[in-house]
Amino acid sequence: MEGEDEVSVREQHFHSQVRESTICFLLFAVLYIVSYFIITRYKRKSDEQEDEDAIVNRISLFLSTFTLAVSAGAVLLLPFSIISNEILLCFPQNYYIQWLNGSLIHGLWNLASLFSNLCLFVLMPFAFFFLESEGFAGLKKGIRARILETLVMLILLALLILGIVWVASALIDNDAASMESLYDLWEFYLPYLYSCISLMGCLLLLLCTPVGLSRMFTVMGQLLVKPTILEDLDEQIYIITLEEEALQRRINVGLSSTVEYNIMEMEQELENVKALKTKLERRKKASAWERNLVYPAVMILLLIETFISVLLVACNILCLLVDETAMPKGTRGPGIGNASLSTFGFVGAALEIILIFYLMVSSVVGFYSLRFFGNFTPKKDDTTMTKIIGNCVSILVLSSALPVMSRTLGITRFDLLGDFGRFNWLGNFYIVLSYNLLFAIVTTLCLIRKFTSAVREELFKALGLHKLQLSNTSRDSDTKPSANGHQKTL
């Protein structure tokens with residue numbers, strides 16, 4: 001009987017492993033297909049030739065798609081875990097959700113951590129160096145020569161990073177035990193390096209998310225139709241049409257010695273006028289409920305989500321000061337499906353998921369809104385493969401740090417699983433408290449600057465200081481057409 005029971009247990013374990021592997025594969029396949037369509041939408045179209053560069057571009061495309069799929073999985077990791085916990089609480093004995101268990105959730109967290117390390121330290125450097133390689137001098141040109149050069153560059157990069165981490169560890173923690181632990185590549189070195197990358201990603205999120213939260217109002221204002229208050233759209237469309245006709249006539253005539261430069265400049269101006277005319281016609285065709293109901297409702301919803309995020313961070317700061325269990329590291333909950341981690345149950349869990357997605361979208365918007373990363377913005381059908389690799393690495397760093405930031409800020413109480421909960425800096429009270437304080441302060445200042453920009457501009461104009469250019473024009477300021485059809489920046 002004992003032998004039969006042992007065989008039965010092994011069979012159950014085998015079937016559960018096969019089931020979990022199949023589920024993970026199907027989920028990743030869906031993410032990979034979606035990522036492939038996203039990248040091919042922005043990738044620059046090249047000639048359909050089966051030459052060496054085409055093969056290199058195709059390999060780099062597959063690696064970039066894999067990295068973007070891993071990034072999407074890291075973003076969905078925490079929301080999927082939260083909703084799975086609530087489903088298991090509501091239907092603990094349901095036959096159709098037996099595949100959803102704690103083993104599957106832990107496996108997904110471990111795979112996300114493993115693939116994030118693989119993409120960040122191996123695949124993306126390989127794709128970049130492989131794309132830029134030409135082969136060593138004296139060797140026969142071809143794929144093999146480029147692969148050899150890429151592998152040599154990867155080895156040199158690994159040695160460089162190893163030296164940097166060694167020096168940093170010696171400066172921060174000058175201990176013989178910690179220095180010897182760096183020899184353990186898999187158990188200590190890679191998790192320690194990934195912990196540093198995660199800290200950098202959280203700092204980048206700390207910079208991008210507050211900017212994105214204030215920028216979201218402008219982005220949604222550009223996507224939606226604004227209410228027409230004290231505006232005559234017919235008159236504006238008429239003026240823009242006249243301007244378009246005048247520019248078209250000037251381009252057709254083209255009389256001057258510098259005709260080529262003038263025509264190029266006028267064609268660019270004509271494209272801007274046509275784009276503005278298209279926006280005005282869209283506003284005119286929009287229904288009354290779309291103009292007067294959808295836009296205010298979306299703006300109010302964004303304001304409520306931002307206010308709740310800042311409020312949760314403020315509450316988390318108070319909890320950190322009075323309760324040690326509020327720390328993101330060292331707390332272990334009752335497990336998957338044993339208890340709800342939200343005070344309001346399923347509604348609270350849904351709110352947490354919405355806020356996590358909102359913070360991720362805001363961080364991406366804020367990332368591309370920063371001047372330093374402005375050139376990284378992908379363009380449809382006109383993005384080089386090198387820029388796609390840079391974007392994939394940036395999104396991977398942001399998405400990998402999203403679960404850590406959400407737990408650190410107290411957006412959710414779901415414990416970090418796998419290697420995500422083993423980061424050293426998560427146990428430092430001063431780092432966690434400073435992170436929460438900086439996020440709350442910077443977000444509040446960005447929102448104040450956003451909603452008072454128009455008042456400041458009017459004050460500068462009233463005092464005559466705008467002529468001295470004391471106030472910088474905001475990148476996300478609203479625009480409106482003037483009488484001659486151009487756009488004025490408010």
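## Aromatic pairs

Phenylalanine 115 has a relative accessible area of 25%, so this residue counts as partly exposed. The model is predicted. Phenylalanine 28, at 22% relative accessible area, is likewise partly exposed.

In total, 10 aromatic pairs are found in the structure. In one of them, phenylalanine 28 and phenylalanine 115 are tilted, with 6.1 Å from centre to centre and 45° between the planes. Because phenylalanine 28 belongs to helix H1 and phenylalanine 115 to helix H3, the pair ties together parts 87 residues apart in sequence. A cluster linked by ring pairs contains Phe28, Tyr32, Phe66 and Phe115.

## Nonpolar cores

The largest nonpolar core comprises 80 residues, and Ile82, Phe367, Met405, Leu409, Tyr435 and Phe439 have the most contacts inside it. Helices that each supply at least two residues of this core include H1 (2-42), H2 (52-90), H3 (102-132) and H6 (185-223), as well as H9 (288-322), H10 (345-369), H11 (385-408) and H12 (429-451). The greatest contribution to this core, 14 residues, comes from H3.

Leaving aside residues up to four places away in sequence, isoleucine 82 is in contact with Ala349, Glu352, Ile353, Ile356, Thr412 and Phe414. A second core, separate and made of 9 residues, has Leu247, Met266, Val273 and Leu280 among its members.

## Nonpolar surface patch

Phe136, Leu139, Leu148, Val152, Met153, Ile155, Leu156, Leu159 and Leu162 make a nonpolar surface patch of about 740 Å². Valine 152 is located in helix H4, which spans residues 143-172. With a relative accessibility of 31%, valine 152 is classed as partly exposed; patch residues need over 30% relative accessible area.

Methods:
Residues numbered from 1 in each chain as written. Predicted model: local features only at pLDDT ≥ 70, side-chain atom pairs only at ≥ 80, totals over all residues. Heavy atoms only, no water. Patch = residues over 30% accessible without salt bridge, like charges linked within 9 Å, V, L, I, M, F, W, Y side chains within 5 Å. Areas by Shrake-Rupley, 256 points an atom, 1.4 Å probe, with all protein chains shown as cover. Salt bridge = Lys/Arg side-chain N within 4 Å of Asp/Glu carboxyl O. Helix = DSSP H or I, 4+ residues; strand = E, 2+ residues; numbered from the N terminus. Buried < 20%, exposed > 50% of the residue type's maximum accessible area, 1.4 Å probe, protein only. Core = buried A, V, L, I, M, F, W, Y, C linked by side-chain atoms within 4.5 Å. Contact = heavy atoms within 4.5 Å. Phe/Tyr/Trp six-rings, centres within 6.5 Å; stacked < 30°, edge-to-face > 60°.
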